[in-house]
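Here are my notes on the complex, as numbered points. Please read them with the structure open.

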Amino acid sequence: MFDAILLQFLNGLDKGGAYALIALGLTLVFGTLGVVNFAHGALFMLGAFCAVAFRQILTLETVTIDPTQLNPWGQPLEIRTPLVQGWFGDFGAVLVDWSVPVSILLAIPVMALLGIAFERGLIKHFYKRPHAEQILVTFGLAIVLQEIVKSVFGANPIPQPMPAALQGAADIGALIGLTPGVITYPLWRLVYFLFSLGIIGGVFAFLRFTTFGMVVRAGMADRETVGLLGINISRRFTFMFGLASVVAGLAGVMYTPLLPPNYHLGMDFLVLSFVVVVVGGMGSLPGAVAAGFLLGILQSFASMTEVKAIVPGIDQIIIYLVAVVILLVRPRGLLGRRGVMEA
Amino acid sequence: MGNLVSKLSLSRRDLLLLLAFGAAVLLMPLWLSPFGAAYPDLLQKFVIYAIFAVGFNLLFGLTGYLSFGHAAFLGAGSYAAVWSFKLLSMDALPALIFAVAISGIFALVIGYLSLRRSGIYFSILTLAFAQMSYNLAYSVLTPITNGETGLQLALDDPRVLDRALGPQPEGLPVPHLLGLELTGYTGFFFCALVLILAFYITVKIFSSPFGLMLRAIKSNQNRMGYMGFDTKPYALTVFVISGMFAGLAGALLAITDPLAGAERMQWTASGEVVLMTILGGVGTLVGPALGAVVIKYFENIFSAFNDQILSNAFAFVPEGLRETVVAIVGKFVGEGWHLTLGLIFVLVVVFLPGGIMEGIRRIMSLFRRAQRPAKGAPARIQPAE
Amino acid sequence: MSHTKVFGRRSVLRGGLAGILATSTMPLFFTRGAYAQEFCNAPTGDTVTFGFNLPLTGAYAEEGADEQKAYELAVKHLNGEGDGGLINTLKPTVLKGNGLLGKKVVFVTGDTATKADQARASATRMIERDGAIMITGGSSSSEAIAVQGLCQEMGVIFMAGLTHSNDTTGKDKKRYGFRHFFNAYMSGIALGPELAKAYGKDRRAYHLTADYTWGWTQEESMRQATEALGWQTAQAVKTPLGAGDFSQYLTPVLNSGADVLILNHYGNDMVNSLTQAVQFGMRDKQVNGKQFEIVVPLFSELMAKGAGPAIKGIFGTSNWHWALPDEGSKAFTKSFGAEYGSPPSQAAHTAYVQAILYADAVERAGTFYPPAVIKALEDFEFDGAGNGPTLYRGADHQCFKNVLVVRGNESPTSQYDVLNVVREVPREEVTYDPAIFGGDLGPAEPVPLCA
């Protein structure tokens, strides 16, 4: 029983890592810019498709037709050779194998540019508009983005293999001195968990230890005063939107080996990420992270057969149930500041 | 005429609007025919979703509360209606009454809890409740909802009332109204009459003191509080009415096609009615209905355009160029119709916050600017903060 | 917008309040009236329209795209274009590749989005607006059951595409609905003995089941079949359709004491749950001193392609496979491959065969009148369409033919060579008594008149 609980806890941490990362980006935007961004899920999805695009470029093939051989339906056999392998030999093969982590290098500039473009082109004009209109325009943007992805990449999920070295499971139990083989967990999921901790730590350190971050935090607390001090807050806010979109994008890139991305991925995560943010407290970064892990762990435990035997269907609604209870009992969320978006 | 005005107790202006609206709805089979949309199933969808959107607008348009979970009431109405068919009778009246009552109770519970918060918190609460309903309908409530397959009629349903009244014909029965089978055009006209009735109620609410009170909630709830008004009961009342409209629409969906599926409750379905309302013009009387027609038209007609149809449409373009044109246009119609919808939606929110109705008003005012300045500011979406 | 439908009795009366009265009494005129064979969408011009209702988006979009290719090919062959495909090998047949009863076959398509509601709406559009004489397609059982019910009400024949639930021709069977594909029950009977042979009779199975009609019947059939072998069932857990990340359902499997995981998932769900299960190291595990195994009762080449290396060595069943050696399969694979450059999937095969069988029944009946076509299809015995001699049983409109037990190929030579056929289970073994699933076909006559 102990090992079952420990496994479920691990699973919760791994799920929570994804939730926390998505919620972090959403909260960055909401906390600094005051914008309710319904396109945030779409940014996550775009990040995932950076990985897809990167791999598709890497695996471009030359096709030569061999007329001497026939395939089973009587056509000449096609022989395909990946270009990268042709150019770089073994290094090309390694590159293809590690395409998902390597595509982070592509995703960072792409997501930053996209984020900045959206902020300058569209979101900027909605700072002063009511939240309802922000929701609507970003919702529209999300639809447009996912439909563009659909028309480029098709409607079907595109599997992204993880590097061969990280396939399979790690024997966690043996590491902490239990019988080997009792607690095993997929390596990539552990990588994802550590990755999310790294990103979260990086964002927090950035906000805490740099002057830039200090100004942004000041802006989050009192935008007007900071503006009166003669600091150009609007450029910094553009940067923050870019940062949030990079965080969302990277969360998406690393998620692809766990779930083959399709164009609808963002919408599937959108509702969830809002629930996480609300539970954590609108505008609170630590709150978003804590709520992400909390909800991940709760969801994982709610899926245990023993729990479902007591409350049927709890695994389906636990996240929403927690959100409803928190909103009704403690509308500020877990760690939200008083007065943010409160009625 | 004067007699009618007093009987319906409408202002002359509202009465004219009601008559024009009714005529436009009933004549849909004629004026939609050139657009390839005049077949019963789609016409039914037009009017049913118009009811849904008009009801949603009562809440969002008047009070500014943005519900992202309204589809739950539509779904509840559908399930209730199909159960009424299965247990009681294939007659539409008990199904309608049952559905409206169930969705009303459902809305009362959700509304009571959700209205304790406002702004985005209200939106998230309604969203969470709707998602819970959807997920439960999909899984553990399967005995009631038949899960993903959807609730359907069966040959051996009890149908107590019908069987008490005499032997049943062979095969699956069809929903009817006092013996009149509600399929095809009959079904459409029935739904259309319900829509006109719903529209009449809406017009009444808009012009009543109650409607005025709701608009006051939208413009400044705090001030209302300081003046000693408790706004909650008003907001809750309109929430329930709005939920009942949704239930009514859900029941009509079940009446014209006796099947209820859980996906009707999904949050994207709630998002769709938001799109309809905004696109048509939030806070206006006719706008939401117009938005519903436009979106359903896109969904059913635009989505069915394939390359073959496009090639015919662009037959005048020279051969080599035609394929390119078809390929580009093909991205926006057929399977890509969502893209067009999303683009239109973004453009509307950015440039035309009052939706199609504001567009119409602007065009109208161009014509009559000479006579008098346009009356009334365009509707703005405002949150209830 | 070129939707110029012939000015029929429907359009004359449309519009105006008068329509209410007129339409409601109309069925009376026409059923009792002048022409005995008045029925829904009776073809009047020189063409006849098929309606292809396909999941072009959603969970089963890949199957839908392949079905669409197959249907377009079938239409070509029916109209005498291309190499004729199965028409040359189907025995007996009266098809000559000159259209259908002298009319050219044309088609309309609709997107079901893999949702029952949407599938019904799009089928209704094709029947009401486009005048489809027959609806076919679909790649999920809930779609099939929903559309089948609609077609029964409208009096239009429905030739189901890929649907594997027992309910389609069991408790939800309909007189106007026909299924060529096999079902979960047959999968269980066919797969059981092979599993016992490979994995022994002392096993504990853990089921993860997609929470809808197909998943339930699949789980039930697999439990019956494996428990009859002496296996125990450790747990059976329902997972929501389209869950994406199944990890929270997979972790409890690890230490449950089960040594076999049976994934009653299909489409993307199966691709996700299988690859995630492999990531959890399940295939390298030893439990109870035995190698841990994963079984996927139903899979297709498209899913095998999606799951990649995870599918190697996994047991399952299929309706059909393009590498089958019989004449029909070879002919179909050849003409599909020549047209599209890839071998057909089992979804494509069942779709193609359904369209051809409907056409053949119409020719034999000599009319489009649905009850006559239904009679021609019921208890029709044929061969040469793949899977050997096949019977369209009249009692439940289910086809009976050989069922394939397949296994993921350990060393595929191409991206299409992902499955090996382990055994072709003869039709006699998988035939069952229609009474076990109940249901009622309902009447064929009087023919309902679509509005």
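1. Start with the contacts inside chain C of this predicted model. Take the contacts in chain C with a separation of 6 or more: 71% of them come from residues 24 or more positions apart. Burial can be stated too. Of the 451 residues of chain C, 63% count as buried.

2. Next, the make-up and dimensions of chain C. The chain has 14 helices and 17 strands. Its radius of gyration is 23 Å, close to the 22 Å from the globule rule for 451 residues, so chain C is as compact as a globular protein of that length. Along the principal axes, the C-alpha atoms of chain C fill a box of roughly 75 × 45 × 45 Å.

3. How far can chain C be trusted? The average pLDDT of chain C is 86, and 91% of the residues score at least 70. Where is confidence lowest in chain C, and where is it highest? The lowest mean, 37, belongs to helix H2 (residues 18–32) of chain C, and the highest, 96, to strand E4 (residues 157–160) of chain C. Over residues 1–36 of chain C, pLDDT stays under 50. The model still has 37 contacts beyond four places in sequence for residues 1–36 of chain C.

4. For the complex, the predictor gives an ipTM of 0.85 and a pTM of 0.86.

5. Now the contact between chains A and B. Chain A brings 32 residues and chain B brings 38 residues. On the chain A side, helix H7 (131–153), helix H13 (265–280) and helix H16 (314–329) of chain A each give two or more residues. Which element gives the most to this side of chain A? H7(A) does, with 13 residues. By class, the chain A side that touches chain B divides into 25 nonpolar, five polar and two charged residues.

6. The contact between chains B and C joins 41 residues of chain B to 40 residues of chain C. Elements of chain B that give two or more residues to this side are helix H3 (28–31), helix H4 (40–63), strand E3 (180–181) and helix H10 (184–207). H10(B) has the largest share, four residues. The classes on the side of chain B that touches chain C are 18 nonpolar, 15 polar and eight charged residues.

7. The largest nonpolar core has 370 residues. Those with the most contacts inside this core are Val275(A), Ala323(A), Ile51(B), Phe52(B) and Leu248(B). H4(B) gives the most to the core, with 16 residues. As background, nonpolar side chains tend to be buried together in soluble globular proteins.

8. What does Phe52(B) contact, leaving aside its neighbours within four places in sequence? The partners are Leu74(B), Phe245(B), Ala246(B), Ala249(B), Val273(B) and Ala292(B).

9. Finally, the domains of chain B. The assignment gives domain 1 (10–283) and domain 2 (301–380) of chain B. Taken over C-alpha atoms, the centres of domain 1 and domain 2 of chain B are 28 Å apart. Their contact takes nine residues from domain 1 of chain B and 10 residues from domain 2 of chain B. On the domain 1 side that touches domain 2 of chain B, five residues are nonpolar, four are polar and none is charged.

Notes:
Residues numbered from 1 in each chain as written. Chains lettered and ligands numbered in written order. Predicted model: local features only at pLDDT ≥ 70, side-chain atom pairs only at ≥ 80, totals over all residues. Contact = placed C-beta atoms within 7 Å. Nonpolar A, V, L, I, M, F, W, Y, C, P; charged D, E, K, R; others polar. Rg over C-alpha atoms; globule rule 2.2 N^0.38 Å. Buried ≥ 20, exposed ≤ 12 C-beta atoms within 10 Å, placed from the backbone. Core = buried A, V, L, I, M, F, W, Y, C linked by C-beta atoms within 7 Å. Domains from an automatic or database assignment. pLDDT = per-residue confidence, 0-100.
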